[in-house]
Amino acid sequence: MVVAVLRFPGTNNENDILRALSLIDGAKPILVPSRKGLAGLKDADGIVIPGGFSYGDYLRAGAVASVESITEGVRNLAEDGKPVIGICNGFQILSEMGLLPGALLPNDSARFVCKWVYLRVSDNTTMFTEGLEGSLIRIPIAHAEGNYYCSDDELESLRDEFRIPFRYCNEDGDVNDAANPNGSIDNIAGIVNQKGNVLGLMPHPERASRPVLGSSEGLAILENFVRATKC
Amino acid sequence: MLTKEELEHAKTVLGRKPTETELGMLDVLWSEHCSYKSSKRWFYLFKTEGDKVALGIGEGAGLVDIGDGYLAAVAMESHNHPSQIDPYNGAATGVGGIIRDVISQGCKAVGLMNCLRFGHPSKPHNAYLLENVVRGISEYGNSVGIPVVGGELEFDDSYDDNCLVNVICVGWVKPEEVVRSSAKTPGHHLVLFGSTTGRDGIAGVSFASETFSDEEEDNRGAVQVGDPLSKKIVIDTLQELIEEKLLEGLQDFGGGGMTSAAGELAKAGGTGVEIDLDKVPLREVDMKPSEIVISESQERMLAIVAPENLDRVKLLLEKNGTPYGIIGKVTDDGHYTAKWYGEEKARLPISLLVEGFPVPERIEGKIAAQPESMSWFKEPEDYKKNLLELLGSVNLCDRSWVYSQYDQHVQSNTVVDLGENGGVLEFPNNRKLAFTSDCNSFWCLLDPQQGTANSACESLRNLVSMGATPIFIADCLNFGNPERPESYGQFVEAVRGLGRFSNDFDIPIVGGNVSLYNEAEVDGETKRINPTPQIMIAGIFEKGFTPIRRNLLSPWANIFLVGETLPELNGSEYQRIATGQVKGVPPRYRPEIEKQSMNVIQEAHQKGLIRSCNNVGRGGIGIGLMKMALRSKYGFKLNLDYIPGTANSLAQRLYSETSGRYLAEVTESNQAEFLKIIEKHGSSVCELGLTVKEPVADFGIFSLSMDEARKVFSNGLKQYME
């Protein structure tokens, strides 16, 4: 199935995503530069918005990209129930677009942080975590604005509706403050929308997609995504 | 500024007075930074050729064959002066410039490294410089999407007024896609693209070729401003242009701006250029032609395009929204002609402009001999306290405060992260390459020749301990004012040291840069940096080999020390901590011993006998062992009584910085075979002891817990930065 990998000016993880998707049976990844607008998405069965620094993140991470015309196409696909993943800058764009609640604030440290982290996958299944429920994933992060924040009401509904598939934890699986790399509320690393077909994720599954990179535990998330494009 | 002699020379050759525009052009191209007028005469000492070298020193990047139809690329450069004035933009544009060098050769840029020197971070200004240099590198490199895979950081008071920011970019290219930096065919178009031209970085190279005075602030306009978003777009655009083979030649705009870019293209092609400065897309409308021709505005490239390809090139540039101008043509008249709305503003023979300077006389001062004596040496009163002090000292402690700010994984090729002996990247032919860089400026201060060669040995050992075979070198030579004999003497001696090393070990030098004038007048006195010949070496792994890390991997394994230990503590970290300075003859360069140890480790790696391995360098085996344990689950229990060599006390054994030594973790079952290899090569070895399950460092006479050590180690730098 056709997976559109978006590239805004300044996106820089598009090739990583294309490469990781090429490892997955049945995925037909295509690169779609954002200037193609709505037309660029007409064949897409799913969308990945990769990480990077769209428009240099010059105004606020993801803010400029979120008002480009191609985002209308993203919205349409999401409404049709097709799977959409925003990774890192992609998560920031999805939250700027309002497809996901909350916002990604500057890290607590006020600095960019790149390191390996562990994620605790929620016991409640989502489209993207089938087969991973309750497991532990080793995966890298790399961001300056990954500190997830939302209102108390929003947090309550995220929890009640089991929409927090990924939380930062330590290597033993404990979700605690010491394992929180950026100050995210409730150690949130990734959330889904109400329909469950739009995922925003700060860590980079494509960077944990081959054993030689130190982990291939991120690939399963992308495999689930590809499977969902077929539904 | 041009010297009187240079001005006279130009007048004689031209037969007239140079115009204002011409003066500016000569000033930048004859600056030390662009012309290498004090340094180039010594490069014959380097080994620069080899079977695998596809393109040596001279263009944007050196290219080396790594098999299966791929070349690895490397470029290395300094951005010292700009970073001292404006650390954020200076460092960012240093990264930008080095990326341009690599992509201008048609290569894909896949890794960055940075080697930094500052005064002690306890002084707020130094901490400010470090904080902002790192932020500049981080925000620029992360945005462009090239991972940082290695680097170095050293502190010394000599860098208080001249911090050093050396940057490296590595990449790859297929031989058929290499773009050369030459303009061979008259009638071809000069196409400038990537960004507009402004007043930033006007004559940046000229100010980098002088020492600092008290008016540093006045130079702020000479620092360029980076724009990583434009750079990313340039990279994407360039890839399309190269894939369609639309470029006949390419050069980036670096030091010297358009004067240098077009001048070098013409020089390499044996042609001339005619440029209409009024066709250059400007950022500021009222710029003078004399400013346009030397502006160092960032993110600009100069392409040579054949007339039949021009329309396609324009289309691709427009599609990607990149500012561009068709600014002139290649000519056959051997001149650099610059016009402003038809009026000739400059017309200089290429042979005069590029390398036509009168070669200046430079005097090599003698290096003061250092005493052999170690009379300062005392055993520490408290070994444990002393080791903790060393572990927490700024030149040995944890650097993760710095490197956690760099994206190490973007592009998804990173096999070994920062914090190891070297960074490792996987290349598209599935071969893994390791990259490391070193310079012990204290050894180089005491003996520039031996210190340089020995610093290179430390890089070599970093690679060998991981299992890689060294394949090429790049360097950046940072020194003081070459017009002063004592400073020039240090430079020439260091070049001799690097020349010796490259020949002794048969590793070609394929890229480099020289940064002189790193000194300042402080209260009427000259303050010069330590000689800092920064050496980067790349190594390649055999197909299918998994790089060996330095973290201990198993309990009840033997820890071996390969190589003998001499009482070489002059110039060591132990001496610096104990006495507050370095003095005496530093550890000697011993190529034969170094090779012997290298052969042992390489053969043992081939046979898969070593589980973890570390180079012994700064801080001796004491620090080397701690670094193997600090990020491991295990500890060790040792007996240091039987170490081969002439070091005759515990502290000498722990902290001697004798070269040619490795630490290796070998499991019981592999021990016999490992010892056979040692014997075969006639090397010295000693079984120091065992790894243990408990996180404890037990040196026999004293011991400490790993938790305690970790706290001190990780806090060493952080305490000044947070």
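This is a predicted model: local features need pLDDT of at least 70, side-chain atom pairs count only at pLDDT 80 or more; totals for chains, interfaces and linings use all residues.

Me: How are helix 13 and helix 20 of chain B oriented to each other: roughly parallel or roughly perpendicular?
Reply: Helix 13 (residues 383-391) and helix 20 (residues 620-630) of chain B pack with their axes 11 Å apart, at an angle of about 70°. Angles of 65 to 115 degrees count as roughly perpendicular. The two helices of chain B are therefore roughly perpendicular.

Me: Now for the two chains: which three residues supply 26% of the area that chain A buries against chain B?
Reply: The contact draws 26 residues from chain A and 33 residues from chain B. About 2,300 Å² is buried between the chains, with carbon and sulfur atoms giving 47% of that area. On the chain A side, the three residues that supply more than any other three are Arg111(A), Phe112(A) and Cys114(A).

Me: How many salt bridges does the rule find across the interface of chain A and chain B?
Reply: Arg111(A) meets Glu131(B) side chain to side chain, N to O at 3.4 Å. A salt bridge needs such atoms within 4 Å, so this pair qualifies. Between chain A and chain B there are also 16 residue pairs in polar contact. For salt bridges across this interface, the count is 7.

Me: How many residues apart are Lys37(B) and Glu6(B)?
Reply: Their side chains meet in a salt bridge, N to O at 2.7 Å. Lys37(B) sits in the loop between helix 3 (32-35) and strand 1 (53-55) of chain B, whereas Glu6(B) belongs to helix 1 (residues 4-14) of chain B. The pair links distant parts of the chain, and the separation is 31 residues.

Notes: Residues are numbered from 1 along each chain as its sequence is written. Chains are lettered from A and ligands numbered from 1 in the order in which they are written. Side-chain values use heavy atoms; hydrogens and water are left out. Axes are lines fitted to C-alpha atoms, for helices over the stretch in contact, and angles run from 0 to 180 degrees between N-to-C directions. Helices (H or I, at least four residues) and strands (E, at least two) are DSSP runs, numbered from the N terminus. Angles under 35 degrees count as roughly parallel, over 145 as roughly antiparallel, 65 to 115 as roughly perpendicular and the rest as oblique. Contact means heavy atoms within 4.5 Å. Buried area is the accessible area (1.4 Å probe) that two parts lose on being put together, summed over both. A polar contact is a pair of N or O atoms within 3.5 Å; within protein, one must be able to donate a hydrogen and the other to accept it, and residues adjacent in sequence count only if both atoms are side-chain atoms.
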